[in-house]
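Thank you all for coming.

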2 protein chains.
Amino acid sequence: MAGRLQAEIKQKKPFRTLEQEAFLNLLRTTDALLRGQAKVLKSVGLSHPQYNVLRILRGAGPHGLACREVCERLITRDPDVTRLLDRLEARGLIARERNRKDRRVVMVRITEGGLRLLRRLDAPIVHLHTQHLGHLGTKRLQALVELLELAREKTA
Amino acid sequence: MAGRLQAEIKQKKPFRTLEQEAFLNLLRTTDALLRGQAKVLKSVGLSHPQYNVLRILRGAGPHGLACREVCERLITRDPDVTRLLDRLEARGLIARERNRKDRRVVMVRITEGGLRLLRRLDAPIVHLHTQHLGHLGTKRLQALVELLELAREKTA
DNA sequence: AGAATATATTCGTTTCAACGATAAATGTCA
DNA sequence: TGACATTTATCGTTGAAACGAATATATTCT
């Protein structure tokens, strides 16, 4: 019995700080939400990074963004973004074009097909998030958003 | 000018619900924290899933866990966990052994080397989380944890 | 004009994640 | 008991992501 107890104590040796507890909760929650979203995305053959790029490009408007800017928003290295765009371009969801003013930069924009695909996803995605987070209610959601924004201030 | 305005309006067409706003904030925050942790883990050549397995096994005590249980905790498919364990075993961080009672199951436990590695990481990880989340203070962190636990209730 | 810089791409490798199929041990039931 | 199903873990394959180094092209600086 003494050995048993000791073993149990041993397990708890690495105390969890409140910060760690919060971190773990963030991880679990985000992970669960992402899994749900992944199912929706899989129905149209999109990965998370791919979906993110399309969302960014839709928000960027018809002129598109420089590849460099996409990298910065995704916080992803240039080579990886290039290949990400390759796949989306191969499916006709985005288009690339050299910038005439500065021929080093490649402008990326979402195509009509890309917009159509996103529109098809909009309702299911909103529905999913409402289903998963709606029960918190307006007040708590606002509090959550505030806390998260505050958290990120020291995160950069 | 009218065209300009119209373009701006177009961008905002896909309204963001409060739930989506919360989701995006969760994503950004967790992502930022994970990137920070990844740097620490990289210093010892561990990936996130690998670190998670080690943490789980340390918490499981000296008897270890059945491979199946590891799968369930990680929410990862059996084949992938097998290979994840392969890599950790190759580095001597975990050990596998057939269960005598039920020879189908493989018991996985963390080794001394694995424990040593985790201990080396404990301080930097705690420091990192304190650095990134400590400024919220006890009250806000507790509120955050509560909100996240509440959020996950509808997430399974 | 020549050197340094910026932008994007190509190449190579490791890991993760999803899928199907298989091997071995155990459980079920006619 | 023997045929059949179930559980557990592994193997094979594929696609994608992430990290690093190197390259090509265009621009900027001196």
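Predicted model: local features only at pLDDT ≥ 70, side-chain atom pairs only at ≥ 80, totals over all residues.

**The interface and the sheets**

Let me begin with a zero: between chain A and chain B there are no salt bridges, taking a salt bridge as a side-chain nitrogen of Lys or Arg within 4 Å of a carboxyl oxygen of Asp or Glu. Residues are numbered from 1 along each chain as its sequence is written, chains are lettered from A and ligands numbered from 1 in the order in which they are written, and side-chain values use heavy atoms, with hydrogens and water left out.

What the interface does have is nine residue pairs in polar contact, both partners at pLDDT 80 or more; a polar contact here is a pair of N or O atoms within 3.5 Å, where, within protein, one must be able to donate a hydrogen and the other to accept it, and residues adjacent in sequence count only if both atoms are side-chain atoms. On the chain A side, the elements giving two or more residues are α2 (18-42), α3 (48-60), α6 (112-133) and α7 (137-152), with helices being DSSP runs of H or I of at least four residues and strands runs of E of at least two, numbered from the N terminus. The largest share of that side, 17 residues, comes from α2(A).

The contact draws 53 residues from chain A and 53 residues from chain B, contact meaning heavy atoms within 4.5 Å. About 5,300 Å² is buried between the chains, and carbon and sulfur atoms give 69% of it; buried area is the accessible area (1.4 Å probe) that two parts lose on being put together, summed over both.

Turning to the sheet of chain A, three strands form an open, antiparallel arrangement in the order β1-β3-β2, where strands pair if DSSP finds at least two bridges between them. Because β1 (65-66) and β2 (94-98) of chain A stand at the edges with a single partner strand each, one side of each is left without a neighbour in the sheet. Five bridges join β2(A) to β3 (residues 106-110) of chain A, and A:Arg96 stands opposite A:Val108 in β3(A).

In chain B, the order is likewise β1-β3-β2, open and antiparallel, and B:Ala95 stands opposite B:Arg109 in β3(B).
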